[in-house]
Amino acid sequence: MLDNSIKEQLKNIFSRLESHIAFRMLSRPDDVRSAEMLEFLQDVAATSPNLSVETGNADSEAPEFEIVKDGTTTGVKFCGIPNGHEFSTLLLAVLNADGQGKNLPDASLTARIKALKGPLKLRTFVSLTCTNCPDVAQALNVIALLNPDVENTVTDGAVVPGLVKEFDIKSVPAVYAGGTLVSVGRITLGDLLAKLEDNCGTARCAGDAAPVVREYDVTVLGAGPAGCAAAIYCARKGFSTAVVAGAVGGQVLETMDIGNLISVTSTTGPQLAANLKAHMAAYPIEIFENRSVTAASVEGPEKELRCTGETFRSRALIIATGAGWRHLSVPGESEHVGHGVAFCTHCDGPYYAGLRVAVVGGGNSGIEAAIDLAALCPHVDVFEFTDSLKADLVLQKKVAALTNVDIHLSSQVEEIIGDGRSVSGIRVKDLVSGEAAVYPVSGVFVQIGQTPNSSLFKGQLPLNKGGEIEVDRTCRTAVKGVYAAGDVTDIPYKQVVIAMGEGGKAALSAFMDFMRGELG
């Protein structure tokens with residue numbers, strides 16, 4: 001099943017395994033897919049003497065296997081063959097079980113993971129074509145490896161149609177604890193951990209220990225293009241620098257095609273994020289990923305960020321928190337997120353194959369989504385609020401050539417119609433005639449831009465009507481020692497290359513203020 005080139009790569013990857021890792025496969029004897037999974041696992045196991053395959057019977061909808069280390073179960077399971085984007089999830093699971101993985105969390109997060117109350121059986125539904133799913137599956141596998149009371153089954157939705165129907169899966173990654181939906185869509189390990197703590201409980205108490213206080217010259221909040229550029233510039237100026245973020249890359253991780261980063265003909269968001277992380281690793285920058293800041297204080301000479309169990313203090317704070325997907329905020333939307341309302345065609349488009357869908361938004365992202373969905377769906381309706389499309393002309397020409405896409409201009413979405421488990425229609429008002437109509441769609445993809453992640457600083461920093469942090473041309477805010485860069489600010493043109501420049505500018509402004517003695 002695996003070609004020789006992949007097998008040679010696996011031999012190198014697994015050459016330093018110290019533990020014995022077994023793939024314990026379970027399936028129904030009459031399941032014809034068992035032979036295919038067995039062949040796959042045997043091919044992987046043949047690449048190292050420390051890997052093996054065990055088989056057994058189980059009454060499951062599809063063949064599955066568990067990773068077993070030195071005879072002890074790890075809680076990491078796979079239902080279906082982890083090909084496609086999930087192949088890396090399998091490799092990381094093996095390396096992490098052996099203690100050699102590169103995505104194992106730091107001590108603070110590890111302590112929180114081990115304190116989760118169990119027993120806890122998680123099931124993560126994924127699509128092998130989804131680019132967001134591996135991050136979530138890998139994060140939950142880490143939690144299972146570190147906490148013996150947690151089990152996580154990475155489940156390819158395509159091989160378990162019965163479970164998909166039972167849970168009415170329409171968006172991935174979707175994480176369930178028993179029959180309860182815990183999370184849907186891209187999410188960091190830190191945010192997943194917080195959700196599990198809230199939903200399942202933790203043995204840690206608020207008074208267990210005083211928060212760890214970490215002090216630096218500069219703290220950068222956010223690790224997208226702006227935050228990474230700011231951190232690199234700060235480190236080059238000799239400042240002790242910390243980066244606090246959910247994940248390096250930020251929103252760019254969800255961008256699959258970047259062709260306007262000058263000097264780089266073409267790249268992807270995940271590859272750019274990896275390059276940003278590698279660049280920061282060349283400097284003495286302390287990176288704290290999987291953090292969710294619960295409170296911030298920018299008054300006084302020391303700026304403070306508070307996370308669960310940690311406090312970050314610095315004389316200068318650079319805010320580069322970027323922006324998140326903007327929601328419609330209409331009746332029926334929030335109830336159907338993950339059950340008919342989606343934001344990523346790459347992740348969720350395959351679940352709507354053969355169904356009529358709607359796209360809301362006529363900018364680049366909306367028209368790109370319509371083009372992608374037109375290859376899967378019999379009909380796509382695009383609704384744009386203004387009287388013209390805002391997408392680039394090349395995209396407008398592409399969508400105009402598609403016979404199964406209808407463009408509706410001057411259209412205002414008023415309601416998403418459904419029963420809470422699935423969507424049956426979308427109510428749209430024609431702004432010219434004033435009449436409303438219901439379009440019978442099974443899915444609604446919202447592509448109406450982004451909203452700045454600035455809520456932490458509401459009431460502390462001036463924000464414009466759109467919630468963007470107001471900065472001057474040097475990236476200084478109204479508060480001394482606080483700077484902001486990238487999509488969270490009121491600068492025009494939200495582009496990767498511009499965010500990088502703004503991040504560098506913010507760092508240079510902080511440097512000038514330090515040199516002038518304005519920051520102590």
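Residues S88, T89, L92, A93, N96 and A97 in helix α3 meet P134, A137, Q138, N141, V142 and L145 in helix α5, where contact means heavy atoms within 4.5 Å. By class, the contact of α3 with α5 has 7 nonpolar, 5 polar and no charged residues (Ala, Val, Leu, Ile, Met, Phe, Trp, Tyr, Cys and Pro count as nonpolar, Asp, Glu, Lys and Arg as charged, and the others, Gly among them, as polar). This is a predicted model, in which local features need pLDDT of at least 70 and side-chain atom pairs count only at pLDDT 80 or more, while totals for chains, interfaces and linings use all residues. Residues are numbered from 1 along each chain as its sequence is written, and side-chain values use heavy atoms, with hydrogens and water left out. Helices (H or I, at least four residues) and strands (E, at least two) are DSSP runs, numbered from the N terminus.

**Helix packing**

- Two packed helices are described by the angle between their axes and the distance between the axes.
- Helices α3 and α5 pack at an angle of about 20°, with their axes 10 Å apart; axes are lines fitted to C-alpha atoms, for helices over the stretch in contact, and angles run from 0 to 180 degrees between N-to-C directions.
- That angle makes α3 roughly parallel to α5 (angles under 35 degrees count as roughly parallel, over 145 as roughly antiparallel, 65 to 115 as roughly perpendicular and the rest as oblique).
- Helix α3 passes α5 in a right-handed crossing; a crossing is left-handed if the near helix is turned anticlockwise from the far one by less than a right angle, and right-handed if clockwise.
- The axes of helix α1 (residues 4-13) and α3 come within 12 Å and cross at roughly 25°, and the two helices are therefore roughly parallel to each other.
- The crossing of α1 and α3 is right-handed, and I6, L10 and I13 in α1 meet F87, L91 and L95 in α3.
- The contact of α1 with α3 consists of 6 nonpolar residues, with no polar and no charged ones.
- Helix α5 packs against helix α7 (residues 189-200) at an angle of about 55°, with the axes 10 Å apart, which makes α5 oblique to α7.
- The crossing of α5 and α7 is right-handed; V136, A139, L140, V142 and I143 of α5 and L189, L192 and L196 of α7 make the contact.
- By class, the contact of α5 with α7 has 8 nonpolar, no polar and no charged residues.

**The sheet of 8 strands**

- An open sheet of 8 strands has the order β2-β1-β3-β4-β6-β5-β7-β8, with mixed pairing; two strands pair if DSSP finds at least two bridges between them.
- Strands β2 (51-57) and β8 (180-184) stand at the edges, each with a single partner strand, so one side of each is left without a neighbour in the sheet.
- The twist averages 25° from one strand to the next.
- Strand β5 (residues 120-126) runs antiparallel to strand β7 (residues 174-177), and 4 bridges join the two; R123 stands opposite Y176 in β7.
- Helix α3 (residues 87-97) lies across β1 (21-27), β2, β3 (64-69) and β4 (72-79), running at about 25° to β3.
- Helix α5 (residues 133-146) lies across β4, β5, β6 (150-156) and β7, running at about 155° to β6.

**The sheet of 5 strands**

- An open sheet with parallel pairing is formed by 5 strands in the order β16-β23-β17-β18-β19.
- Its edge strands are β16 (341-342) and β19 (405-408), each of which pairs on one side only.
- Strands β17 (residues 357-360) and β23 (residues 443-446) pair in the parallel sense over 4 bridges, and the bridge partner of A358 is V444 in β23.

**Salt bridges**

- Side chains of opposite charge can pair when their charged atoms come close.
- The structure holds 23 salt bridges (a side-chain nitrogen of Lys or Arg within 4 Å of a carboxyl oxygen of Asp or Glu).
- The side chains of D217 and R315 meet in a salt bridge, at 3.0 Å from N to O.
- D217 lies in strand β9 (residues 212-221) and R315 in strand β14 (residues 310-319), so the pair ties together parts that are 98 residues apart in sequence.

**Backbone geometry**

- Most residues other than glycine have a negative phi, and most peptide bonds are trans.
- The peptide bond from G118 to P119 is cis, with omega near 0°, and P119 is placed in the loop between α4 (107-114) and β5.
- The peptide bond from V172 to P173 is also cis, with omega near -5°; P173 is found in the loop between α6 (161-167) and β7.
- D70, a residue other than glycine, has a positive phi near 50° and lies in the loop between β3 and β4.
- N290, a residue other than glycine, has a positive phi near 60° and is found in the loop between β11 (285-288) and β12 (295-297).
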